[in-house]
Amino acid sequence: MFGYGVVGQGLHDVLEKSTGVRAEIRRICVKDKHKKRRLPLRYFTFDKRDILEDPEVNLVVELIDDADEAFRIVGEALSSGKNVVTANKKMVAEHLPELIRLQQDSHTSLLYEGAVCGAVPIIRNLEEYYDHEWLGSVRGIFNGSTNYILTRMYKDGLAYTDALQEAQEQGFAESDPWLDVSGMDATYKLSIIIEHAFGLNIRPEDIFHLGITGISNHDIRYAAEKKMKIKLVPYAGRVGKNSLTAFVLPRFITGEKQLYQVDNEYNGVIVEAAFAEKQFFFGKGAGGHPTGSAVLSDISANAYDYAYEYKKRRQTRNFTYTTDVNLNVYFRYLNPEDRALLEFTDISETCSGREYSYIIGKINLRELMEKSEQLNQKSVSVINLGDKPT
Ligand code: HSE
């Protein structure tokens with residue numbers, strides 16, 4: 001095992017309390033020699049070769065947060081014929097085509113259920129349960145920290161920075177919490193989901209994302225007055241017959257929606273399928289034990305030689321990715337000159353107030369992509385109203 005942080009320790013607890021799992025941790029490789037650990041020193045090594053070159057290690061569990069080092073470890077492990085379980089979404093999303101090739105070339109298996117939505121078993125369901133079913137869209141709440149922050153701001157009136165600090169203290173946030181609040185973490189998870197749901201590899205940098213850093217008390221109040229909540233909702237779905245679009249945006253959620261009840265560090269995933277129709281998965285998306293339980297499930301699956309087959313890849317001939325879609329959004333700004341920042345194709349509502357102003361209307365996703373930098377720098381927010389992209 002590599003790493004002994006929140007997830008590593010969570011897995012250790014889960015493994016100790018689970019009966020019947022045919023797995024034993026042989027060695028734990030960590031970086032910091034001086035950090036106080038809750039296990040005796042003899043369990044640890046500081047040299048990755050002690051694990052990668054040990055012929056008796058048949059499975060490497062990678063749980064470190066440095067995605068580049070994680071990729072080197074996973075690459076070496078797979079090339080030398082060892083199976084790998086990881087919870088590193090950044091590493092998986094950034095290298096998926098290479099990781100698939102490596103598995104094929106070395107006849108190994110890489111499993112990463114713990115990388116996507118913690119304890120919600122979405123990857124294995126997309127792979128196995130929906131293996132032949134035509135999927136229309138997958139959306140939901142994929143990041144526990146931002147959901148926790150938005151919940152605490154909405155329910156308890158907490159300031160953004162205090163809510164973020166709590167998410168960090170509880171072990172939900174990444175070591176670099178910018179990955180959470182910027183929407184990047186949700187984007188990595190969406191990119192992985194797209195591979196298993198639609199058989200396309202869309203690199204994270206090609207998916208538009210806007211996180212929650214721009215959400216202000218004005219927006220929360222606006223939502224509350226209309227009995228809605230704001231959630232960060234990644235979306236991937238078909239447009240027409242042969243295209244797929246994807247983005248990560250805050251979204252207003254009305255009271256009758258399933259996602260309305262998904263609060264704190266919980267995640268929810270909605271899959272729209274041709275015959276199964278709408279299905280909703282709900283569970284804890286962050287934290288040591290929930291993520292450790294997903295990692296343990298992969299360790300157990302490894303014991304019966306389970307490997308992803310990437311079955312949806314066979315169904316994607318003539319299927320392309322598009323960002324040329326229109327979304328119905330709310331655009332809130334404070335400075336009157338920011339009104340002109342976004343070009344709408346159609347405006348249905350405008351409001352100019354003393355404290356803040358907003359526009360509701362249709363905007364092309366490409367326009368949002370072009371203005372991404374300004375949207376992150378200015379005191380503005382863009383919140384999706386949730387209509388199907390057209
Ligand atoms: N930082 C992540 C989250 C951890 O908050 O969802 C689980 O992937």
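# Close-up views of a predicted model

The protein is divided into domain 1 (6-121 + 300-314) and domain 2 (324-390). These bounds come from an automatic or database domain assignment. The model is predicted: local features need pLDDT of at least 70, side-chain atom pairs count only at pLDDT 80 or more, and totals for chains, interfaces and linings use all residues. Residues are numbered from 1 along each chain as its sequence is written, and side-chain values use heavy atoms, with hydrogens and water left out.

**View 1. The two domains.** Domain 1 and domain 2 have centres that are 42 Å apart, taken over C-alpha atoms. How many residues are in the largest nonpolar core? That core has 103 residues. A nonpolar core is a set of buried Ala, Val, Leu, Ile, Met, Phe, Trp, Tyr and Cys residues joined through side-chain atoms within 4.5 Å. Buried means under 20% relative accessible area, exposed means over 50%, and partly exposed is in between (1.4 Å probe, protein chains only). Those with the most contacts inside this core are Val 60, Tyr 112, Ile 122, Ile 193, Ile 194, Phe 198 and Val 269. Helix H9 (residues 184-198) gives the largest share, nine residues. The core also draws at least three residues from each of domain 1 and domain 2. In soluble globular proteins, nonpolar side chains tend to be buried together.

**View 2. Around Val 269.** Val 269 is one of the residues with the most contacts inside the largest core. Contact means heavy atoms within 4.5 Å. Cys 117 is buried, with a relative accessible area of 0%.

**View 3. Helix H5.** Helices (H or I, at least four residues) and strands (E, at least two) are DSSP runs, numbered from the N terminus. Helix H5 covers residues 122-129. Which of its residues are buried? They are Ile 122, Ile 123, Arg 124, Leu 126 and Glu 127. These buried residues pack against strand S6 (135-141), H9, strand S10 (266-273), strand S11 (277-284) and helix H11 (288-303).

**View 4. A three-stranded sheet.** This open sheet has the order S3-S4-S5, with parallel pairing. Strand S3 (59-62) and strand S5 (110-111) are the edge strands, and each pairs on one side only. Two strands pair if DSSP finds at least two bridges between them. S3 is joined to strand S4 (residues 83-86) by four bridges. Within this pairing, Val 60 has Val 84 in S4 as its bridge partner.

**View 5. Helix H10 and its ends.** Helix H10 spans residues 217-225. His 218, Asp 219, Ile 220, Tyr 222 and Ala 223 are buried there. Their cover includes helix H6 (144-156), strand S8 (228-239), strand S9 (243-254), strand S13 (326-333), strand S15 (357-364) and strand S16 (380-384). Ser 216 caps the N-terminal end of H10. One of its side-chain oxygens lies 3.2 Å from the backbone nitrogen of His 218. A polar contact is a pair of N or O atoms within 3.5 Å; within protein, one must be able to donate a hydrogen and the other to accept it, and residues adjacent in sequence count only if both atoms are side-chain atoms. After H10 comes Lys 227, whose phi is positive, near 60°.

**View 6. His 218.** This residue lies in helix H10. Is His 218 buried or exposed? His 218 counts as buried because its relative accessible area is 16%. Not counting residues up to four places away in sequence, His 218 touches Arg 332, Leu 334, Glu 355 and Tyr 356.

**View 7. Strand S13 and its partners.** Seven of the eight residues of S13 are buried, so the strand is mostly covered. S13 and S15 run antiparallel and are joined by eight bridges. Asn 326 stands opposite Asn 364 in S15. S13 also pairs with S16 in the antiparallel sense, over five bridges. Tyr 330 has Ile 383 in S16 as its bridge partner.

**View 8. Asn 201 in its loop.** Asn 201 is found in the loop between H9 and strand S7 (208-209). Its relative accessible area is 27%, so Asn 201 is partly exposed. Asn 201 touches Leu 96, Pro 97, Glu 195 and Arg 313, not counting residues up to four places away in sequence. Asn 201 and Phe 247 are 46 residues apart in sequence and 14 Å apart in space, C-alpha to C-alpha.

**View 9. Cysteines without disulfides.** A disulfide is a covalent bond between the sulfur atoms of two cysteines. Here the term is used for a pair of cysteine sulfur atoms within 2.5 Å. How many disulfides does a search of the whole structure find? The search finds zero. Cys 351 counts as partly exposed because its relative accessibility is 29%.
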